[in-house]
Amino acid sequence: MEFVNTRGPESGEPDLRVKIGSLELANPVMTASGTFGYASEFEELMNLQKLGAVIVKGISLEPRPGNPPPRIVETACGMLNAIGLQNVGVDRFITEKMPYLHGLNVPVIVNILGGSIEEYREITKRLEGVPGVAGIEVNISCPNVKEGGVAFGGDPKMAAAVTTAVKEVCSVPVIVKLSPNVTDIKEMAYAVQEGGADSISLINTLIGMAIDLKKKRPELANVIGGLSGPAIKPVALRMVFDASQVVSIPLIGIGGIESAEDALEFMLAGASAVQVGTANFVNPRASEDVVDGIREYVLEEKLDSVREMIGGLRLDWIR
Amino acid sequence: MPQYQEKTIVTRVEHLSDENVRLTLKAPQIASACKPGQFVMIRAALGKDPLLRRPFSIHQADSSGHIQVYFKIVGRGTDLLAHLKVGEEVSVLGPLGKAFTIDKDRPVCLVGGGLGIAPMLYLAKEISRSKTGSTNGDLVILGGRTKGEVEPVMADFDEIGIRTLATTDDGSYGTKGFVTELLKSSDLPANTQVYACGPEPMMGAVSLWCEEQKLACQVSVESVMACGMGACLGCSRPVGDGKYVHVCLDGPVFDARELKWNS
Ligand SMILES: Cc1cc2nc3c(=O)[nH]c(=O)nc-3n(C[C@H](O)[C@H](O)[C@H](O)COP(=O)(O)OP(=O)(O)OC[C@H]3O[C@@H](n4cnc5c(N)ncnc54)[C@H](O)[C@@H]3O)c2cc1C
Ligand SMILES: Cc1cc2nc3c(=O)[nH]c(=O)nc-3n(C[C@H](O)[C@H](O)[C@H](O)COP(=O)(O)O)c2cc1C
Ligand code: FES
């Protein structure tokens, strides 16, 4: 099978390639939806070509204006956001954003959000065949919109149904992005695998809240928001590990990843690839730094491939 | 637009008052590319807490590769920055955002309130540099709550040679009262370009008055920011009809008429 966007392994170059269903990536590092705009924002500050894949801001059928400000607030080692999935809508995305993204020659995964199964299906149909679209990430887990998002993300039957509906109308791999705001992540992961997902990415943000004591009011206009950043990493690691116990499709780990070390921990826990999110705001080069760091690690540890790390967690010392 | 994530070196820390600090950084790349009205995002800590960078307008930039920010200590990030020592390294991202538009043939009036004074020094310098004719009709009005906010920077403005007036809320320096009162009594020529930066109510009042007087007015506004570069969509500001602009990309400098002011 051919690897897309391949630069290795040439002589002496470490093998960083990983597979997400039929999608083959030059390395396991992607940018998390909603934290990397439409990629052009970062072109002055990093080498976009070094990314395993770019995942763009969530797209809905119709344009969405988003929530009133304040939309973000910093919390301990993290942040809360209530952007409300502001986006230009799928049609403008295809005409205005996709040509640039296609030109990057890096796999582009489009994150989609719908208010109903029919909407998810319609967005996917419109993206089918658009040059450059290498995968679809189905967001059933955004805490910041009333309809859609959360309802699908919390109910295994609905999550599976959305997955199946999207799968039916597209030819590229489908990644389903899970919400951590559930009682049993294993049940959700299993359900979307059964629904036909090619891969599962996790986690989206944790529902949270911050209060301004002086003003005695919530910090966010939306009252609640999604928690992201280093603060959520332990939760995300556990959920990736849990999911890896029940599914056989590749997992993509997300949550507080800032460095190669963070990324490799997720791979040990069972992730085939990772996404860098909030870290992009702090260090616009974060995702590139993670790629470089993984490369160094694979060289230093003399691994045949970074794939050796996937699910390599040692549990044998536990008696 | 060139943008850099630069490791800068602290070359000077000035505590202008209990709360107000001026930081000089050796930042050759940013200094060579920036314009008045643009801002930078500064990382206050090396670790994970506080996590996000903090936005500051560029107070001055020079040809020897230095930039300055002038800020007020309001929380943890600014407190950490205030305790930096000469020689320490800080990560700065910039220049970001839209700059002020300068028309070298028009008289100008610059209005800075509180820490809104910060971008005005750089702007005043660029205006005086770009003007070939007289700056006699030009005016700078600086206002603060007390003396400490205004007095320490007066000498820098005086050097430029544009007439500069000061006001303080408590009358401890300059005339007592608000900048808007001075502005209204200052009899500006009809084609004056007004520039304003300061607290929201002040900018609202200035822009309203400019609209009545049919004077062009550019304002520099603030918003909570995570990325400063258009990636997070966090820095939204309503412009009416359920629409938003993003302060880091569409601004921070706007034509005052583009924005919605709560009066
Ligand atoms: C484009 C832009 C330019 C700016 N230029 C300057 C400048 O030149 N000088 C200067 O002193 N400040 C400036 N600010 C404001 C500055 O960014 C904040 O004061 C700073 O982020 C506070 O960080 P902190 O960690 O100390 O405060 P935090 O601990 O985060 O918060 C403490 C208090 O400060 C308030 N605060 C936080 N962020 C902002 C903000 N963006 N604007 C206003 N209040 C805020 C909070 O609501 C809270 O009450 C600018 C802001 C923007 C968006
Ligand atoms: C400002 C912001 C916007 C986001 N927008 C989206 C989105 O549109 N679609 C989506 O699936 N996830 C979105 N997310 C979630 C991230 O993709 C990611 O799952 C989450 O932030 C956890 O990773 P992190 O801790 O590395 O940021 C957003 C996160 C942030 C902080
Ligand atoms: S601060 Fe992130 S988009 Fe403006």
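Predicted model: local features only at pLDDT ≥ 70, side-chain atom pairs only at ≥ 80, totals over all residues.
## The barrel of chain A

Chain A holds a closed barrel of 8 strands in the order 3-4-7-8-9-10-15-16, with parallel pairing. Strands here are DSSP runs of E with at least two residues, helices are runs of H or I with at least four, and both are numbered from the N terminus. Two strands pair if DSSP finds at least two bridges between them. Residues are numbered from 1 along each chain as its sequence is written, chains are lettered from A and ligands numbered from 1 in the order in which they are written, and side-chain values use heavy atoms, leaving out hydrogens and water.

For a look at one pair, find strand 8 (residues 133-139) and strand 9 (residues 174-177) of chain A, which run parallel and are joined by 4 bridges. In this pair, A:Asn139 has A:Lys177 of strand 9 as its bridge partner. Helix 1 (residues 90-103) of chain A lies across strand 4 (53-59), strand 7 (108-112) and strand 8 of chain A, and runs at about 160° to strand 4. Such angles run from 0 to 180 degrees between N-to-C directions, with axes fitted as lines to C-alpha atoms, for helices over the stretch in contact. Contact means heavy atoms within 4.5 Å.

## An open sheet

Chain A also has an open sheet of 4 strands, ordered 5-6-14-11, with antiparallel pairing. Its edge strands, each pairing on one side only, are strand 5 (72-75) and strand 11 (206-209) of chain A.

Strand 5 and strand 6 of chain A pair in the antiparallel sense over 4 bridges, and A:Thr75 has A:Gly78 of strand 6 as its bridge partner. The hairpin of these strands has 2 residues between them, and A:Cys77 takes a positive phi near 50° there. Strand 6 (residues 78-81) also pairs with strand 14 (residues 224-228) of chain A, in the antiparallel sense over 3 bridges. In strand 14, A:Leu227 is the bridge partner of A:Leu80.

## Two helices side by side

Helix 6 (residues 233-244) and helix 7 (residues 260-268) of chain A have axes that come within 9 Å and cross at roughly 30°. That makes helix 6 of chain A roughly parallel to helix 7 of chain A, a label for angles under 35 degrees, whereas over 145 counts as roughly antiparallel, 65 to 115 as roughly perpendicular and the rest as oblique.

From helix 6 of chain A, A:Lys233, A:Ala236, A:Leu237 and A:Val240 make the contact, meeting A:Asp262, A:Glu265 and A:Phe266 of helix 7 of chain A.

## The ligands

Ligand 2 lies between chains A and B. It is surrounded by 26 residues, of which A:Ser33, A:Lys177, A:Gly229, A:Gly256 and A:Thr278 are the closest. A residue is near a molecule if one of its heavy atoms lies within 4 Å of it; the same cut-off holds for a strand. A backbone N or O atom of A:Ser33 lies 2.7 Å from an oxygen atom of ligand 2, and a polar side-chain atom of A:Lys57 lies 3.2 Å from an oxygen atom of ligand 2.

Around ligand 1 there are 18 residues, and B:Arg54, B:Pro55, B:Gly77, B:Thr78 and B:Glu222 come nearest. A backbone N or O atom of B:Pro55 lies 2.6 Å from an oxygen atom of ligand 1.

Conventions: Polar contact = N/O pair within 3.5 Å; in protein donor to acceptor, adjacent residues only side chain to side chain.
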